[in-house]
Amino acid sequence: MGGSPLPRSRKKEEGAVSGGLGEALGVALLAASLAVAVIRPRGLPEATGAVPAALLVVVLGVLPLTDALDEVRALAPTVGFLAAVLVLADLCEREGLFTAAGARLVSASGGRPVPFLGQVFVLGSAVTAVLSLDATVVLLTPVVMDAAVRSRLRPKPPVYACSHLANTASLLLPVSNLTNLLAFRASGLSFVRFAALMATPWVVALAVEYAVFRRFFATDLRQPAAPAAAGGPAVDDTEPRLPVYPVVVLVLTLAGFGAASFVHLDPAVVAAIGVVALAVPAVRGRRATPGSLLSAAAVPFLAFVVGLAVVVRAVQDAGLSRLVPKLVPDATTLPALLLVTVVAAVLANLVNNLPAVLMLLPTVAAVGSPAVLAALIGVNVGPNLTYVGSLATLLWKRLLRARRGGDPGGVPAARRPDGAGCAGGGDPGSVGRRESDRSVR
Amino acid sequence: MTTVAWVVEGTWTGCVDAARAWAPAEDDVLLLHVTAAEVAEAAAGALAGLMGRGRAQHSPRVEQLTAQGAADLLAAAVQRLGRPARTEARSGRVEREVVAAAEGARLLVVARDGDRSRLGPRSLGAETRFVVDHAPCPVLLVWPDDVPALASIPPPPWGQEPTLRP
């Protein structure tokens with residue numbers, strides 16, 4: 001199963017605003033929604049731009065209300081699925097799954113950088129595929145960083161690996177990436193079929209990524225940590241045990257996704273069952289609260305996705321639906337599919353992969369599921385081409401911040417070499433404080 | 001005067017040992033660690049790509065861990081040095097921060113961090129090569145652990161040997 005292609009009537013209904021004006025209005029509102037999401041004035045949630053923009057396209061008649069409601073209805077199960085996966089990952093973290101994985105990383109690699117990187121690749125690929133790229137970026141990256149620091153290894157290769165794996169390893173399953181969830185619905189493929197088709201690109205992309213890392217970080221990967229006796233990593237005797245229950249729930253949920261395909265059950269329902277199975281003991285044991293579950297579901301972000309989808313739909317119906325097919329070939333030959341991937345990769349770098357996939361989906365879905373998957377490979381792996389995964393978004397953000405002369409988006413700038421360090425034999429606390437005392441050049 | 005020792009994960013023990021052996025007794029020793037700003041930047045970039053999901057939990061943590069890692073390493077270096085020393089944790093473009101910190105120093109102690117299996121070539125990583133190239137003070141370049149055997153130097157390229165004769 002996996003849902004039918006998005007129900008989209010292409011009948012043009014005459015609204016209050018039509019033609020060129022509607023197109024211009026739609027594009028302006030889309031640009032405004034994305035700008036607010038990237039800049040986040042006063043730290044407001046990204047939905048602050050997209051939701052009013054969605055209301056405006058309807059009020060101004062760029063998109064008829066029935067079409068807007070259609071869009072919301074078609075998207076609702078996907079958004080629910082995303083929320084469930086986000087909560088699932090958060091609960092796994094609360095049950096200590098990530099901490100245990102980090103400890104294992106330290107003990108199993110024994111201060112050798114290449115095995116450490118290899119294990120980060122295995123761990124990052126698994127976490128991204130099963131718990132989505134969010135889990136890798138938000139939950140796994142700090143754990144890997146911590147493990148690298150405790151192993152006294154250079155943190156650059158493993159932390160970069162996390163950022164890149166979040167993109168590359170998110171090709172495998174519909175749950176691995178929000179873009180996949182959207183494409184999954186549009187492709188009409190079953191969960192198992194989707195995974196089977198994406199398995200080869202997933203493995204190839206990971207192998208290429210690993211080879212590139214070995215070469216690119218050759219210097220960093222040549223430096224083993226000194227043995228503990230010589231001031232190397234401290235051996236941790238109190239290694240936390242790998243929690244069994246969350247792992248079992250995850251495996252069963254994953255099997256459930258596959259099984260649901262055959263009995264025509266929505267995989268979002270299976271994800272919800274997995275959430276309940278983890279949430280009930282966690283809330284009982286006070287490791288999670290209803291509030292923490294709600295916050296993990298990222299409701300403002302879900303509202304942003306729905307709002308953005310409505311605005312993108314308006315832009316498409318007003319004119320972009322004529323433009324995109326010109327960029328995307330109407331064939332499923334290999335060169336045509338490669339072109340689809342390239343177009344998707346470029347678009348993902350320009351505007352982030354979420355709006356990119358929303359813009360491309362109606363067109364590629366009409367061409368067929370191979371084109372949908374080709375576009376998906378482009379939007380998922382594309383951000384890695386810019387050296388740091390999803391750098392495009394960061395660059396936009398920095399550019400905008402720099403113009404206002406503010407803090408460049410949580411990136412630590414160099415501490416100005418004023419005053420030579422802290423006196424008195426290296427008090428770790430004061431080193432830490434100086435580190436946090438950042439100034440912008 | 002100050003002797004600066006550039007402390008890096010993987011090679012720091014050799015560097016600290018060299019500082020102990022070579023820094024004049026009357027000198028201050030400054031143990032310097034520089035965190036590559038790109039590490040936190042990579043984490044922040046990935047987070048920015050999520051457009052809002054999970055922002056609250058994450059961003060400060062990678063920076064905290066970086067700072068804590070630097071502090072731990074410097075504390076271990078002070079202990080290993082076995083004499084009073086100042087420490088400094090910087091963050092930024094590593095090679096440039098090291099050069100800036102070495103300004104006016106009597107000596108900068110640097111460990112080789114390239115291919116450590118033989119006596120060159122490529123015994124220096126890119127950052128170290130920049131530091132050696134641009135250092136504004138004398139540099140003491142040391143092998144972080146065992147020095148490779150003399151025989152590990154590759155033979156001269158074919159046909160070049162005669163030109164070396166007087």
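In chain A, 78% of the contacts with a separation of 6 or more link residues 24 or more positions apart, where a contact requires two C-beta atoms, placed from the backbone, within 7 Å. The model is predicted, so to speak of local features a pLDDT of at least 70 is needed and side-chain atom pairs count only at pLDDT 80 or more, whereas totals for chains, interfaces and linings use all residues. Residues are numbered from 1 along each chain as its sequence is written, with chains lettered from A and ligands numbered from 1 in the order in which they are written.

Chain A contains 18 helices and zero strands; helices (H or I, at least four residues) and strands (E, at least two) are DSSP runs numbered from the N terminus. Of its 441 residues, 55% are buried. Here, buried stands for 20 or more other C-beta atoms within 10 Å of a residue's own, exposed for 12 or fewer, and partly exposed for values in between, with C-beta atoms placed from the backbone.

The largest nonpolar core holds 196 residues, among which Val311(A) and Val7(B) touch the most other members. Helix H5 (residues 113–150) of chain A supplies the largest share of this core, 21 residues. Such a core is a set of buried Ala, Val, Leu, Ile, Met, Phe, Trp, Tyr and Cys residues joined through C-beta atoms within 7 Å. Beyond its neighbours within four places in sequence, Val311(A) has contacts that include Gly26(A), Leu29(A), Leu30(A), Ala50(A) and Val57(A).

Among the buried residues of H4(A) are Leu97(A), Phe98(A), Leu105(A) and Val106(A). Their cover includes H3 (65–94), H5 and H10 (244–262), helices of chain A. Just after H4(A), Gly110(A) adopts a positive phi of about 55°.

Some backbone details deserve a look too. Arg152(A), although not a glycine, has a positive phi of about 55°; this residue sits in the loop between H5 and helix H6 (156–168) of chain A. Arg152(A) counts as buried because it has 24 C-beta neighbours inside 10 Å. Ala298(A), also a residue other than glycine, has a positive phi near 55° and belongs to the loop between helices H12 (290–296) and H13 (299–327) of chain A. In chain B, the peptide bond from Gly120(B) to Pro121(B) is cis, with omega near 0°, and Pro121(B) lies in the loop between strand E4 (107–111) and helix H5 (126–134) of that chain.
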